[in-house]
Amino acid sequence: MSYYLTVAILVGIWVSLALSLNILTGFAGQVSLGHAAFFGIGAYTSAILTVNYGQSFWTGLLAAILVTGLVGSVLGLPSLRVRHDFLVLATMGVNFVVVALFKYVDFFGGAMGIVGIPAPSLFGVTFRGGLPYLALVLAYTALVWLVSWHVSRTWVGLAFDAIRLEEDAAAAVGISVPRFKIYAFMLSAALAGGAGALYGHFIGSLFPDTFVFIESIVILSMVVFGGVGTLRGPIVGAIILKAAPELLRFVQDYRFTLYGALLVLMMLFQPHGLLGDESWLWMQLRRLWGKGEAIPGVEGQEMAESEEVAA
């Protein structure tokens, strides 16, 4: 299997992870530092079903999504009582607890992990990496993007926006803040669980250290770096931050230093991210497209503004 195909598959998985976290953090405003835990729960769910109980990958994938969504709704309960910094600490603690369960409970394979995870197969065709597995990953990533797009354009997205901007005001106008918070955790976790299943069956083995707290930092860095709350930002952030260390091997040992430095720089100079709605780069791109082909959804607004100025 080509090295670049391997990188593309991993990038696709992390794009879906970043998009799933963006629903929780970008849309609903609930900052989580435990997203790697949901990633791991999905991976372990599918691996256990296929390795220990002989189920197919597709059963494992569906179970990973459902189980992780259920766990996410339960683990989202702390968000009903704590906010902001305390929520960050709570989700961080969840990550440590989940990794400890993977490492010290024999049912999950303990420190030795789970090996021999089978590759997916469909109609007699086995996806053993390469282009077929890349197509599978891209199909799932497209599904996550479509879910995110749909949520952002429905009344659910409006409720998320209201909660993100001001919880008390959202509650005052009749929005059930607890219900929508739990829904955000459940949906975000479920999509991350599916990405975990894809990861486990691609690698063929799972170990607890893959899903440690620092990986949650990496996923959050992708969302913040690209542009939190947008559909394009997490995609660009995941591509850059996942592909760059793989393609530039000489910085691999400094990967987490790079993530930390990027986060600090973005917060200082580009708090809206690389392609956030109010970021410098996105504004420049809008101006460039305005001189030629307009950005879909933006041209009407700019035309109306021009007519007002002319009037």
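Let's start with two helices: the axes of α1 (residues 3-27) and α9 (residues 213-226) come within 9 Å of each other, crossing at roughly 80 degrees. That angle makes α1 roughly perpendicular to α9. On the α1 side, the residues involved are Trp14, Leu17, Ala18, Leu21, Asn22 and Thr25, and they meet Glu215, Ile219, Leu220, Met222 and Val223 in α9. Sorted by class, this contact has 8 nonpolar, 2 polar and 1 charged residues. Keep in mind that you're looking at a predicted model.

Now for the wider view. The chain has 13 helices and 4 strands, and buried residues account for 47% of its 311 residues. If you take the contacts between residues at least 6 apart in sequence, 75% of them join residues at least 24 apart.

Back in helix α1, have a look at Ile9. Ile9 has a relative accessible area of 0%, so it counts as buried. Its C-alpha atom is separated by 8.9 Å from that of Leu131, a residue 122 places away along the chain.

Follow the chain past α1 and you get to Gln30, which sits in the loop between α1 and α2 (35-52). Leaving aside residues up to four places away in sequence, Gln30 touches Leu24, Thr25, Ser79, Leu87, Ile163, Glu167, Lys181 and Phe185.

Another helix crossing is worth a stop. The axes of α6 (residues 155-165) and α8 come within 10 Å, with a crossing angle of roughly 110 degrees. These two helices are therefore roughly perpendicular to each other. From α6, the contact draws on Trp155, Val156, Ala159, Phe160 and Ile163, while α8 supplies Val177, Phe180, Lys181, Tyr183 and Ala184. The class count for α6 with α8 is 9 nonpolar, no polar and 1 charged residues.

Next, the rings. A pair of aromatic rings is described by the distance of the centres and the angle of the planes. There are 19 aromatic pairs in the structure. One of them is Phe39 with Tyr199, a tilted pair at 5.5 Å centre to centre and 55 degrees between the planes. This pair links distant parts of the chain, with Phe39 in helix α2 and Tyr199 in helix α8 (residues 177-203), 160 residues apart. Both of these residues are buried. Phe107 and Phe108 also pair up, this time edge-to-face, with 5.3 Å between centres and 80 degrees between the planes. Phe107 counts as partly exposed, because its relative accessibility is 44%.

Finally, a couple of charges over rings. Elsewhere, Arg232 has its charged end over the ring of Trp282, 3.6 Å from the centre.

Methods:
Residues numbered from 1 in each chain as written. Predicted model: local features only at pLDDT ≥ 70, side-chain atom pairs only at ≥ 80, totals over all residues. Heavy atoms only, no water. Axes fitted to C-alpha atoms, helices over the stretch in contact; angles between N-to-C directions. Parallel < 35°, antiparallel > 145°, perpendicular 65-115°, else oblique. Contact = heavy atoms within 4.5 Å. Nonpolar A, V, L, I, M, F, W, Y, C, P; charged D, E, K, R; others polar. Phe/Tyr/Trp six-rings, centres within 6.5 Å; stacked < 30°, edge-to-face > 60°. Buried < 20%, exposed > 50% of the residue type's maximum accessible area, 1.4 Å probe, protein only. Lys NZ or Arg CZ within 6 Å of the ring centre and 35° of its normal.
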